[in-house]
Amino acid sequence: MIQNYFRGDQVTIFAKWLRWAKNFVILTHISPDGDAIGSSLAMAGYLKNKGKNVKVVVPNDFPDYYLVAGGAENIIVFSETKQYIDLISKTDVIVCLDFNETGRVGSSLQYYLINSPSNKIMIDHHLNPQPFCDITLSVPSASSTCELVYNFICAMGDFQLIDLSIAQALFMGLMTDTGCFAYNCSNPDIYIIVNELLKLGVDRDRIYRAVNYCYSKDRMQLMGRALQNLKMYRNGNVSLMVLSDKELQKFNYHAGDSEGFVNLPLQISGVKMSVFIREDCELNQIKFSARSVGSVPCNQFMSQFFHGGGHLNAAGGELRCSLEQAISIFENAIKEWNFEF
Ligand code: 5GP
Ligand code: MN
């Protein structure tokens with residue numbers, strides 16, 4: 001038996017909603033990753049199995065390798081049309097997955113999320129949830145939102161409703177948010193969940209290959225460029241990789257192409273924190289990603305200097321300035337940050 005994160009009144013409130021609510025919208029964060037897409041598809045599958053009308057809405061496009069979980073082709077990419085605004089504003093319930101502050105859905109969707117009169121539930125594993133939902137299920141120690149969705153379905157007493165497509169989606173998120181079971185996955189319960197998902201027929205190899213062995217030549221060469229741009233700081237404890245819009249365009253960048261790059265410098269002996277800066281002309285911002293090892297709090301570094309946050313060892317942030325300014329802000333910040341490596 002796995003530990004039940006969700007006992008008592010909160011699950012009971014959701015069970016009450018299930019009795020009267022017909023229409024559900026599932027929302028997840030901007031630039032959705034495997035856990036965001038996986039948990040959304042799994043929750044959608046569960047609610048459909050409960051007889052509900054369900055739509056999954058994402059703020060912007062996502063890499064097509066997440067289609068391997070099945071069902072992702074039905075996901076709606078939000079735009080400010082009456083149809084989509086009505087969807088958010090008139091649904092009975094909004095399920096917020098893999099984010100815990102409204103800003104993470106992007107500014108246009110954020111407005112409709114905040115102002116929607118619908119009932120809202122959050123299931124998430126990031127630190128410090130904002131109080132914008134009627135039910136907040138926040139477990140920062142969990143590996144992934146997919147682990148929590150599995151746990152939630154079990155807490156609802158509905159394990160038997162987990163079918164193969166739900167299992168595939170859950171496996172994808174568990175796998176991607178743990179770097180293919182490399183970090184954030186010391187809780188033995190995770191392997192009991194994986195055991196159950198495999199028993200339901202998940203083809204582990206197929207999902208692993210689809211998500212990891214999906215590079216185009218351009219993407220592989222973009223990775224090479226990022227690595228060539230590597231710089232070291234703080235006696236080799238910190239690394240920085242930068243990709244400009246010009247470089248991204250040279251290698252025909254698509255959403256998700258730089259996913260995972262930030263992990264690479266952690267393979268260098270002595271590197272305890274890796275930072276990756278990408279010029280994002282689509283969202284008109286400079287995007288920061290950070291990864292760290294052990295007790296190095298990269299989320300604190302991101303929140304102190306780059307309007308960001310995240311987990312202890314995986315965080316991000318963003319700035320609205322030129323790439324040159326962003327690099328200079330980083331270089332000052334890394335000098336100023338009073339963390340002792
Ligand atoms: P990634 O580097 O994969 O984009 O994000 C790593 C982690 O940091 C994720 O858990 C993500 O939710 C969080 N994160 C990324 N960007 C931001 C941001 O701009 N603000 C906050 N608060 N969290 C972020
Ligand atoms: Mn996640």
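Modeller: Start with Phe14, Leu47 and Ile121: in the largest nonpolar core, which has 60 residues, these three touch the most other members. By nonpolar core I mean buried Ala, Val, Leu, Ile, Met, Phe, Trp, Tyr and Cys residues joined through side-chain atoms within 4.5 Å. Buried is under 20% relative accessible area, exposed is over 50%, and partly exposed is in between (1.4 Å probe, protein chains only). Helix α6, residues 164-177, supplies eight residues, the largest share of this core. Helices here are DSSP runs (H or I, at least four residues), numbered from the N terminus.

Keep in mind that this is a predicted model, where local features need pLDDT of at least 70 and side-chain atom pairs count only at pLDDT 80 or more, while totals for chains, interfaces and linings use all residues. Residues are numbered from 1 along each chain as its sequence is written, chains are lettered from A and ligands numbered from 1 in the order written, and side-chain values use heavy atoms, without hydrogens or water.

What does Phe14 touch, leaving out residues up to four places away in sequence? Its partners are Phe24, Leu47, Ile121, Ile135, Phe152 and Met156, with contact meaning heavy atoms within 4.5 Å. Another core, of 25 residues, lies apart from this one, and its members include Ile277, Phe288, Ala290 and Phe330.

Back in helix α6, have a look at Gln168. Gln168 is buried too, at 12% relative accessible area. Beyond residues up to four places away in sequence, Gln168 touches Val68, Ala69, Val202, Arg206 and Ile207.

Technical notes: Helix = DSSP H or I, 4+ residues; strand = E, 2+ residues; numbered from the N terminus.
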